[in-house]
Amino acid sequence: MIWKIAAKEFLLNLMTFKFVVGTILCVVLVAIFVPVLAEDYRQRLQQYDQRVADNEAKLRQVKAYRVLTPTVYRRPQVLSVFSQGMEKRLADSAKIGFGTRPDFDKIPEINAGPAEVNPYLSIFPAFDFLLIFKIVMSALALLVAYDAVAREREQGTLSLSLSYPISRAQVLLGKLLAGLLTLAVPATIAFLVGLLLLLSSPAIALGGSDWARIAMMYVASLLFILAVYNVGLLFSSLTGSSSLALILGLFFWVVSIIVIPDATVYLARRFLPVTSVEAKDEQIAGIEKLFLHEWHQECAKLPSGGAANATLGPFHGGNGDWFILVCNPAEAQYWEKGAAFEVSFNVKYARKFWEVEHDYVESLLRQTRLARAIGRLSPACLYDNTMNALAGTDLADYQSWTQRVRDYRDTVLAYIRNKTDNLRSPLYITQCTQAEQITWAKGDKFAEEATRAAEKHTLPLNLEDLPRLTYGMGIAQGLQRAAADLAVLLLFNLLMFSLSFVAFLRYDVR
Amino acid sequence: MFWQIVRKEILESLLSVRFTLAIVFSIVLFAASTFFSVDRYRAQSQEYWRRVNENLTGFRRQSDQLCKLAFYEQNAYRQPKVLALCAGGSEDLLPGHFTFDGFDISLPQIAGQSNFTLPRFSDLDWAFIISLVLSFTAFVFAYDCICGEKETGTLRLILSGATPRVTLLLAKYVGLMLTLAIPLFMGLAVALIILIASGAETAGLVPWARVVGIVLTSFLYLSIFVFLGMFVSARAARPANSMAALLLAWVVLLIVIPSLGRLVSDKFSHAHTPEEFQRAKSEAQKQIDDRFISGAYGPNAGATGSNRDDPSVNPRGRAQGTIEGTEALNRVVDAHHERMLAQAEAGRRFTCISPAVVYRRVCEIIACTGIDRSRSLYRQIKTYQQNLRDFIISEDRSDPDSLHILFDDAPRVAEWTTISHKPPSFEAVPKFLERDLALGESLGLAVWDLGLLALFNLVFFAGAWISFARYDVR
């Protein structure tokens, strides 16, 4: 009997004006904007490939391990077309370095910050597949649900149906099933159209994990639409008139889709203020002063030197962006002793800088977590979180990436230590042999001639065995991150349906 | 008859659930918005004045020698505005911290507390409440104003009398607007009570005149939705169909179109990436360096010896080259900043097909907030730089020991005494203070947008009129 009711409702819904308009709008929006979003992804991917290639080219020119400062980039997520999340807003690169004074951009976490190239574009909200579903499909769900019970009462068909030997539970389950089937039609068409258009773009290549995550996104989308449908069903079962159910439903929709997501940010900012950027910068400046003070003290203990003939390396424009071509034995001693000290000193201070940055970022994250917790009152926020987690464009994925970069930094350091006899080899600073150093030291024209000679014969290091950072996200990780919000969304559905059921049991069908 | 219909419409609405909901929503949202805004304004003002005083103290310290004034790196911040509660203009997300001296200005940055990990949000200001919630309420009031009466049969009854259709249409419009005005005014009244009780600075007539301007614009804006609601209601056979169409129209006009701005900006306008910007600066600098090397500024223009009378230095040549270099770099920075603004403008121009975007822009212009204010602030700083330099040059004229050349090279200017070392009167030194546009100027800027809102009204009124004139009431 449930199936009969579901089939009848489904067919009736398919023939309504609202269903046709809602479906057309949804599909048209997807058809227009998925190619635009795919093109945007292609451009970002191209930029990423270019930057990776540039970095590799620079690595091929490195002539001393001291200036081995690879930059790692975060690959744009292909599923950002579905849900952009925070991907465009967070930094997507981190520079790794040890032998030079730690700069902000050499500590991965410090890169966490607004990465907007043009800050004035912040006035525009993000547009993606998620927005179409969140707004258009939820509105359609409400329009389908609001008169599911009340209209039948108004038309008198409800009392007729219930005069047959069928329970109210069966009627309501039939309506739920009909709603799900009805809404699954535009959702499925929109997903299929979106996927077809996406696959037609040459830049898009979907792997097994991507397909699995897309399937999960589809399920999450259905759950979200069903949640809004259940709310509509509840109002329809609570009120005697369909127009009242519609008005109540629409106000709920405005609150949950528009007001709550904004209000959560306000409340979180009000009740959990973050450390100011200025206070953090002051702390950093304080550590920098300490750093310089200690650096000068320790440098005084080293053998005299530091005036070796150096030339610009491939990484121009900052402290230590050079490599030493030639030096006399005294200089070599200075640099060899200094190297170990320099690296350990910089690593120690990099950690201190990171602690300050980490505390700051943590205070931001606490505020964000509070906003997310409050936002779970709204199915729209739950849906947002789920989709971002599955697309790999949420904050958790970014944190996971920065953690991976920090581990990679240790890997690179271990690699350099391994190649340079734990930084004791002169190779750390120069490729000149000791014999060459002595020969050049004998001549008075040490600097100019030796540099010219060294530049000719010094070859770039072979860095083919340098470990490269690989980062990817699997379905398990995506599911793990989305699980909590998905579960709450499911619970929301169950709660709303239970309330609808209770309301329908007490519903006066006359 | 006209007023009888108006009265009937209002009374019918007053008794409905939608009206009660609209009142509750309006009061709660306006109260919450004003409370949050005033609270934030206080905190931001305190921080703003602390920074301004810090900057001024540093500036005063430099006034012991005239030549130092032009090289003090000043910080200017966007001043918090109490009228941000009417239209915040997403200023929290926009750059509002400017660092500059007498010659250079860096690209504006985002200052203060800003949590970039939070989800994007809109300002919960009056413009947000009116543009989203009250426009929606307008649809909820209007969706069945014609087709609903047809369904109940009262439309035939009214039209069987001597009432022309146009009178009925206008009476319904006036009735709906007056009904809509009640939640709006109740919300505004609560907001103003909170504002006045909070003691926030609203001295003078101008802020109040701006508030009145925003309220009047709000009516013009809400009127569009009432006309659109009537138009769709006059096209639909059943209220359910009318609501479905209106809801989808609302989604498109208020959510989808404004969200497309970013895509349009990215697609049709290009701002330089940070790498391209740095490259442009390096190229400009290289050109000047080449000119120095080629002797375009005279012999020894690149030399920096300590004695200005030494023939191996050339203060005037160096000044000429340095000034050209600074101007070239400033042109690159200005062009980059203009490109960024133009890119945002491209998106905004496209999204103007949504009345909500036009309305918010008008509110921002009247309240002196938003992206236009950022542009104005940048220009004001540029003007101030020129005034500061003019002041230094005019003060310098009375010092016979000075060479009377001001250029962007602090050590050389001091070493060669190209500008006087005597202390000026600090009170006479120009200080930067942000100036708001006068109300007249704001209205002048907003006139096209106001015209656009009026045009939307006209189009939808015409649509409603034609549809209703042809409406089959049977």
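Asp421(A) counts as exposed, because 11 C-beta neighbours lie inside 10 Å. The cut-offs are these: a residue is buried if 20 or more other C-beta atoms lie within 10 Å of its own, exposed if 12 or fewer, and partly exposed in between, with C-beta atoms placed from the backbone. This is a predicted model, in which local features need pLDDT of at least 70, side-chain atom pairs count only at pLDDT 80 or more, and totals for chains, interfaces and linings use all residues. Residues are numbered from 1 along each chain as its sequence is written, while chains are lettered from A and ligands numbered from 1 in the order in which they are written.

Asp421(A) sits in the loop between helix H12 (395–419) and helix H13 (434–442) of chain A. Helices here are DSSP runs (H or I, at least four residues), numbered from the N terminus. Asp421(A) is not a glycine, yet its phi is positive, about 50°. His404(B) lies in the loop between helix H14 (371–396) and helix H15 (410–415) of chain B. With 13 C-beta neighbours inside 10 Å, His404(B) counts as partly exposed.

Now take chain A as a whole. Its domains are domain 1 (2–43 + 127–272 + 475–505) and domain 2 (65–124 + 275–457). These bounds come from an automatic or database domain assignment. Domain 1 of chain A puts 37 residues into the contact, and domain 2 of chain A puts in 31. Two residues are in contact if their C-beta atoms, placed from the backbone, lie within 7 Å. On the domain 1 side, helices H2 (17–59), H3 (129–145), H7 (208–238), H8 (242–271) and H15 (475–505) of chain A each give two or more residues. H8(A) gives the most, with nine residues. That side of domain 1 of chain A holds 27 nonpolar, three polar and seven charged residues. Ala, Val, Leu, Ile, Met, Phe, Trp, Tyr, Cys and Pro count as nonpolar, Asp, Glu, Lys and Arg as charged, and the others, Gly among them, as polar.

Next comes the interface between the chains. Here 53 residues of chain B touch 51 residues of chain A. On the chain B side, two or more residues come from each of helices H2 (17–61), H4 (126–142), H9 (239–259), H10 (261–268) and H12 (315–351) of chain B. H9(B) gives the most, with 13 residues. By class, this side of chain B has 36 nonpolar, 13 polar and four charged residues.

Within chain B, look at helix H13 (residues 355–367) and helix H16 (residues 439–469). They pack at an angle of about 155°, with their axes 9 Å apart. H13(B) and H16(B) are therefore roughly antiparallel; angles over 145 degrees count as such. The contact includes Val358(B), Val362(B) and Ile365(B) of H13(B), and Leu445(B), Leu452(B) and Phe456(B) are among the residues of H16(B). The contact of H13(B) with H16(B) has twelve nonpolar, one polar and two charged residues.

Finally, turn to Leu180(B) in helix H7 (residues 165–198) of chain B. Leu180(B) counts as buried, because 27 C-beta neighbours lie inside 10 Å. Beyond its neighbours within four places in sequence, Leu180(B) is in contact with Leu134(B), Thr137(B), Ala138(B), Phe141(B), Leu222(B) and Val226(B). Ile10(B) is 170 residues away from Leu180(B) in sequence, but the C-alpha to C-alpha separation is 9.4 Å.

How values were computed:
Axes fitted to C-alpha atoms, helices over the stretch in contact; angles between N-to-C directions. Parallel < 35°, antiparallel > 145°, perpendicular 65-115°, else oblique.
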